[in-house]
Amino acid sequence: MRNLARLLVSKITLVIAKTHLKKVDGLRQIETRINRLILPNKKTWIDYRGYELLVDPTDYLGRQLWTYGEYEPEAEELISTHLEQGDIAFDIGANIGQFTICMRDAVGKTGAIYSFEPLSKNRNLLNCTLNR
């Protein structure tokens, strides 16, 4: 059911984004209502790069990760390309931790990551993910 919901949300979003439909009065409100019906309205765990990541689908980033399973793949590629085993990395403005997880993969057990997030809502999700 979750995969079907993801597919439906992603198709609706893509159609609206890639056409002039986003200019039609009321269409954003319809998209928002459909999202509210399909997406979980509470924090939920997703599989992200083999780790469990706590997301809030009512938030833009959480909705993107829940729907597509990724967010800014170009940034993830940069992290993977430039960090090596044993490196020390800083994630300033870590949000809910999706890039922290990418950094974790890149630096391995011999490296270290220091994540900082000033917003308490995001920091709570980040801490839940890192302490799981």
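Trainee: Which residues of helix α6 are buried?

Mentor: In this predicted model, helix α6 covers residues 120-130, and its buried residues are Asn122, Leu125, Leu126 and Thr129.

Trainee: Where do they sit, seen down the axis of α6?

Mentor: They fall within an arc of 100 degrees, so the buried residues line one face of the helix.

Trainee: Why would that spacing put them on one side?

Mentor: An α-helix has 3.6 residues a turn, so residues three or four places apart point the same way.

Trainee: And what do the buried residues of α6 pack against?

Mentor: They pack against β1, β2, α5 and β4.

Trainee: OK, the core. Which residues touch the most other members of the largest nonpolar core?

Mentor: Leu53, Leu65, Leu83 and Ile96, out of 20 residues in that core. At least two residues each come from β1 (44-48), β2 (51-55), α3 (60-68) and α5 (98-107). The element that gives the most is α5, with 6 residues.

Trainee: What is Leu53 in contact with, leaving aside its neighbours within four places in sequence?

Mentor: Its contacts include Leu65, Ile96 and Ile101, and also Thr129. Thr129 is one of the buried residues of α6.

Trainee: Switching to charges. How many salt bridges are found in the whole structure?

Mentor: The search finds 4. One of them joins the side chains of Arg49 and Glu76, at 3.3 Å from N to O. Arg49 is in the loop between β1 and β2, while Glu76 is in helix α4 (residues 73-82), 27 residues apart.

Trainee: Is Glu76 buried or exposed?

Mentor: Glu76 counts as buried, because its relative accessibility is 8% and the cut-off for buried is under 20%. Arg49 is partly exposed at 33%. Arg49 and Glu76 also belong to a network of salt bridges with Asp105.

Trainee: What about Arg132?

Mentor: Arg132 forms a salt bridge with Glu52, with the closest N and O atoms 3.2 Å apart. Arg132 is in the segment after α6 and Glu52 is in strand β2, so this pair ties together parts 80 residues apart in sequence.

Trainee: Last one, the surface. Which residues make the nonpolar patch?

Mentor: Ile88, Phe90, Ile92, Tyr114 and Phe116, over about 570 Å². Strands β3 (88-92) and β4 (112-116) each give two or more residues, and β3 gives the most, with 3.

Technical notes
Residues numbered from 1 in each chain as written. Predicted model: local features only at pLDDT ≥ 70, side-chain atom pairs only at ≥ 80, totals over all residues. Heavy atoms only, no water. Patch = residues over 30% accessible without salt bridge, like charges linked within 9 Å, V, L, I, M, F, W, Y side chains within 5 Å. Areas by Shrake-Rupley, 256 points an atom, 1.4 Å probe, with all protein chains shown as cover. Helix = DSSP H or I, 4+ residues; strand = E, 2+ residues; numbered from the N terminus. Core = buried A, V, L, I, M, F, W, Y, C linked by side-chain atoms within 4.5 Å. Buried < 20%, exposed > 50% of the residue type's maximum accessible area, 1.4 Å probe, protein only. Contact = heavy atoms within 4.5 Å. Arc of directions from axis to C-beta.
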